[in-house]
Amino acid sequence: AVMAARCRLSARFHHVHGTNVRLDASRTRATRVESFANGLCFSQEPLAPGQIFLVEIEEKELGWCGHLRVGLTAHDPQSLEVVPEYSLPDLVNMGDTWVFAITRSHNRVVVDGEEVRARGPPWEPFLLIERVRIPRDTLVGRSRPGRYSHILDDLYKMNVLPATARRSRIGVLYAPHPDGTADMHIIINGEDMGPSARGLPTTRPLYAVVDVFASTKSVRVIPVDYGFPSLQTLCRLVIQKHIVHRLAIEGLDLPQLLKNFCQHE
C-alpha cells in the first residue's frame with residue numbers, strides 16, 4: 001500500500017528539465033519541441049527501492065539517429081545550475097549517474113557467467129526481479145488493432161513491441177542488495193533486460209532520468225499500481241490467451257469498454 005501511494009504521487013516529471021522540453025499541465029507528458037537534444041527529464045521524486053518509473057513512447061520524429069535514453073542519477077535536479085544537453089555523455093560525466101541508451105533490438109544485458117533467463121509466458125501476472133514483484137500488465141505496450149494488425153498478432157500474443165516503437169513502454173528501477181549496493185534494471189514491455197549497471201549506492205536518493213532524445217519526440221509517464229491484478233486485467237489476460245486474432249474481440253458478447261481494454265488499452 002505504501003509503495004502504491006508513493007508511485008501515484010511520483011508518477012510525473014520534475015519541473016526542472018532540458019531547454020527543449022515542454023511538459024503538459026499534469027507534468028506526465030514530456031515533448032521535445034525542437035532540435036534533437038536538450039530533452040533531459042527527471043522523476044518528480046527519488047525512487048524507492050524496487051519502484052519503477054515507467055514511460056510510454058507517444059510520438060516519434062523521423063530524420064534523427066538515436067532513441068530514448070533512461071537511467072538513474074544521484075543528483076537532485078533542483079541542485080543543477082544548468083541541465084546538461086545530453087544524458088550521454090554530459091550528465092554521466094558529472095558522476096553518480098547511470099544511463100542506458102535504448103535501441104530497437106539490442107537491449108538485453110548478459111553478465112559473464114550468467115545464462116539468459118527465459119521469458120515467462122505473457123499471462124504471468126507479475127514480473128519478478130530479485131525480491132521485487134511488479135504487476136506485468138501495466139508494463140506492456142500494445143499496438144492498436146487495425147486492417148493489417150494480423151502482421152503483429154504473434155508479437156501481440158507475446159505482449160511484445162519493438163523497444164523503440166510508438167506505444168512501447170520502458171521503465172527503470174533499482175534492486176537493492178544486502179551489502180548496501182543496487183543493480184539498475186531496464187524493463188521493456190514487461191521484460192527485464194538484466195542489470196544494466198551494478199554497484200549503485202543506495203545511501204543517496206536516486207532520481208529517474210528520461211532523455212527524450214533524437215527520434216523519440218514525446219513520452220508519457222504511466223502510473224504503476226503495486227498489488228494484485230484487477231479483475232479487469234485478469235479477464236483481459238484470459239481473453240487474449242484464447243483468441244486467434246485481435247479483431248475477433250469485437251465479435252465477443254462483451255461490454256464495449258472491456259473490448260477496447262482487451263484490444264489495445
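## Close-up views of a predicted model

**View 1. Surroundings of Asn-20.** Apart from neighbours within four places in sequence, Asn-20 is in contact with Thr-31, Arg-32, Val-33, Glu-34, Ser-35, Ala-37 and Asn-38, where contact means heavy atoms within 4.5 Å. This is a predicted model, in which local features need pLDDT of at least 70 and side-chain atom pairs count only at pLDDT 80 or more, whereas totals for chains, interfaces and linings use all residues. Residues are numbered from 1 along each chain as its sequence is written, and side-chain values use heavy atoms, with hydrogens and water left out. Asn-20 sits in the loop between α1 (2–10) and β1; helices (H or I, at least four residues) and strands (E, at least two) are DSSP runs, numbered from the N terminus. With a relative accessible area of 7%, Asn-20 is buried (buried means under 20% relative accessible area, exposed over 50%, and partly exposed in between, with a 1.4 Å probe and protein chains only). A polar atom of the Asn-20 side chain lies 3.1 Å from the backbone oxygen of Ala-37.

**View 2. The sheet of seven strands.** This open sheet has the order β1-β2-β13-β4-β9-β10-β11, with antiparallel pairing; two strands pair if DSSP finds at least two bridges between them. At its edges are β1 (21–23) and β11 (191–201), each of which pairs on one side only. Direction ignored, neighbouring strands of the sheet are turned by 25° against each other on average, with axes taken as lines fitted to C-alpha atoms and angles running from 0 to 180 degrees between N-to-C directions. Three bridges link β2 (residues 29–32) and β13 (residues 216–222) in the antiparallel sense, and Thr-31 stands opposite Ser-218 in β13.

**View 3. Asp-192 in strand β11.** Asp-192 belongs to strand β11 and is buried, its relative accessible area being 8%. A polar atom of its side chain lies 2.9 Å from the backbone nitrogen of Gly-194.

**View 4. The sheet of four strands.** Four strands form an open sheet in the order β3-β12-β5-β6, and their pairing is antiparallel. Because β3 (40–42) and β6 (97–101) stand at the edges with a single partner strand each, one side of each is left without a neighbour in the sheet. The twist from one strand to the next averages 20°. Strands β5 (residues 69–73) and β12 (residues 207–211) run antiparallel and are joined by five bridges, and Val-70 has Val-210 as its bridge partner in β12.

Key: Polar contact = N/O pair within 3.5 Å; in protein donor to acceptor, adjacent residues only side chain to side chain.
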